[in-house]
Amino acid sequence: MKVKVVSRKLIKPCTPTPPNLNKYKLSFVDERVPPINVGVVLFYPTSSNIRKHRLEESLAKILPEFYILAGRYVKNDYVVDCGDHGVEFIEAEAVEVELVDLLEIKEVLNDLLPSKFYLTDESSEDPLLSIQVTELKPCGGLVISVSVCHRIFDASSLGTFVAAWSNATNDNNHPIGIRPSFESPSLFPGTNPDQDSSPVRTTYDPNIVVKRFSFDKDAIAILRSKLSQGTKQSTRIPECVWAKHGGESRSCLMSQAVNMRSRTIPPLQKHSCGNLILLSPTPCFISPAETTNNNNNNNVVIGIERQLVDILGDALEKTIADCAEMFSPGRWRSVMMGPVEDMYGKLMSGEVSYSIMFSDWSKFGFYKADFGWGKPVGARIGTMTLENSVILLDNKEGDGIDAWVQLSRDDMPLFEQDHGIKLYTT
């Protein structure tokens, strides 16, 4: 696939941002997320009836509501300068490619992304939001990719933006029904840490690979049936244990990202934007006797374990209960930081050997993004190569899950050859 950039411009809000909103201070959580971009790629079957200028017009129309996205991040001050600098809008063409072939590819398609995941915080002139609209030739398909700085948005916020933009494009005369709120800095004030508070390194690592593993509705039904006997059904996170070399017993730390928007008392606003997530970590002890591998008993591999469902479910229930107490006097900082400090303390001390992160994007509505020419026929994550992590997306039908698994090049073949993965995924 050859991708050629046709044009590159900045789209600014259709009305100026009021002076009282010119500075947006990052929240406590914003300050501590990795300095990376998060993104989504949406595939549409035709571009024959698409007027691309409508995409630009509707983008300018909603930016006054999403004014932060048109700003620029001032790294040393942990502040967004909301001076209507604009969001990046790229038009591109991809030749010698068919849509059906792109949908079959299980890897991340970097050429369709407007920005690399690790190119953020590089300059105060970098756009916080970048969009690339790529026309596929000769098939006529269209790809819309949206990439946003994780400093200010999580994946749920990204879903809110995509929904608002697609709604505005679909019918420019219809009132915008999605109004974001940016309340997190007032609820969880930042502290201006002396240095980057995220322990996650974000430089490009060619030894980390990303692949998609699809669980259809039949596979999920079978797994639920097998795991429902005497176990809890409290989470959609897949019941997996990682593949790692070595035959000795070891412990790992499994963490789930929990969206706290609907779980606080009182609840946050429906379209609250920012980083409103908690980590739900729990240690899991793994020994060779508890795992199975038909090829080599010295490998600790993925196995579907009833015990693991209980462990993850119990941790998730505790985190949700903590969420409900978020606004109790003096509680929010300990609720946010207690699990994180415990997690990194265990990793630094060697109490656990490695960590695994799960993040569920399946409820963020990316497959509902109808810009006026129908809903997408495919969706995938943008590049976010964090080793030993899994991002979950729903499938087009809404009854299956695509697991985007990020592993080292040495571990990925072990994962792919596991009996359970081969049996239940495509």
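Biologist: Which residue in E6 does Lys 4 stand opposite?
Modeller: First, this is a predicted model, where local features need pLDDT of at least 70, side-chain atom pairs count only at pLDDT 80 or more, and totals for chains, interfaces and linings use all residues. Residues are numbered from 1 along each chain as its sequence is written, and side-chain values use heavy atoms, with hydrogens and water left out. E1 and strand E6 (residues 87–97) run antiparallel, joined by 9 bridges. In E6, the residue opposite Lys 4 is Glu 93.

Biologist: In what order do the 6 strands of the open sheet come?
Modeller: Strands are DSSP runs of E, at least two residues, and helices are runs of H or I, at least four, both numbered from the N terminus. Two strands pair if DSSP finds at least two bridges between them. Here the pairing is mixed, and the order is E1-E6-E7-E8-E3-E15.

Biologist: And how much does that sheet twist from one strand to the next?
Modeller: Strand E1 (2–11) and E15 are the edges, each pairing on one side only. Angles run from 0 to 180 degrees between N-to-C directions, with axes fitted to C-alpha atoms (for helices, over the stretch in contact). From strand to strand, the twist averages 15 degrees.

Biologist: Do E6 and E7 run parallel or antiparallel?
Modeller: Val 95 stands opposite Lys 137 in E7. There are 9 bridges joining E6 to E7, and the two run parallel.

Biologist: What is the phi of Gly 140, in the turn between E7 and E8?
Modeller: E7 and E8 pair in the antiparallel sense over 7 bridges, and Thr 134 has Val 143 in E8 as its bridge partner. The two strands make a hairpin with 3 residues between them, and the turn's Gly 140 has a positive phi of about 85 degrees.

Biologist: How many residues of E7 are buried?
Modeller: Buried means under 20% relative accessible area, exposed over 50%, and partly exposed in between (1.4 Å probe, protein chains only). E7 is mostly covered, and of its 10 residues the buried ones number 8.

Biologist: At what angle to E6 does helix H1 run?
Modeller: H1 (residues 52–62) lies across E1, E6, strand E7 (129–138) and strand E8 (142–149). Its buried residues include Leu 55, Leu 59 and Ile 62, and their cover includes those strands and H3. Relative to E6, H1 runs at about 155 degrees.

Biologist: What angle does H3 make with E8?
Modeller: Helix H3 (residues 155–170) packs on the sheet and touches E3, E6, E7 and E8 (contact means heavy atoms within 4.5 Å). Its direction and that of E8 make about 135 degrees.

Biologist: How many aromatic pairs are there?
Modeller: Rings of Phe, Tyr and Trp (its six-membered ring) pair if their centres lie within 6.5 Å; planes under 30 degrees apart are stacked, over 60 edge-to-face, the rest tilted. By that rule, the count is 14.

Biologist: Is the pair of Tyr 44 and Phe 371 stacked or edge-to-face?
Modeller: The ring centres are 6.0 Å apart with planes at 80 degrees, so Tyr 44 and Phe 371 are edge-to-face.
Tyr 44 is in strand E3 (residues 37–44) and Phe 371 is in the loop between strand E14 (354–360) and strand E15 (378–381), so the pair ties together parts 327 residues apart in sequence. Both residues are buried. The label for the pair is edge-to-face.
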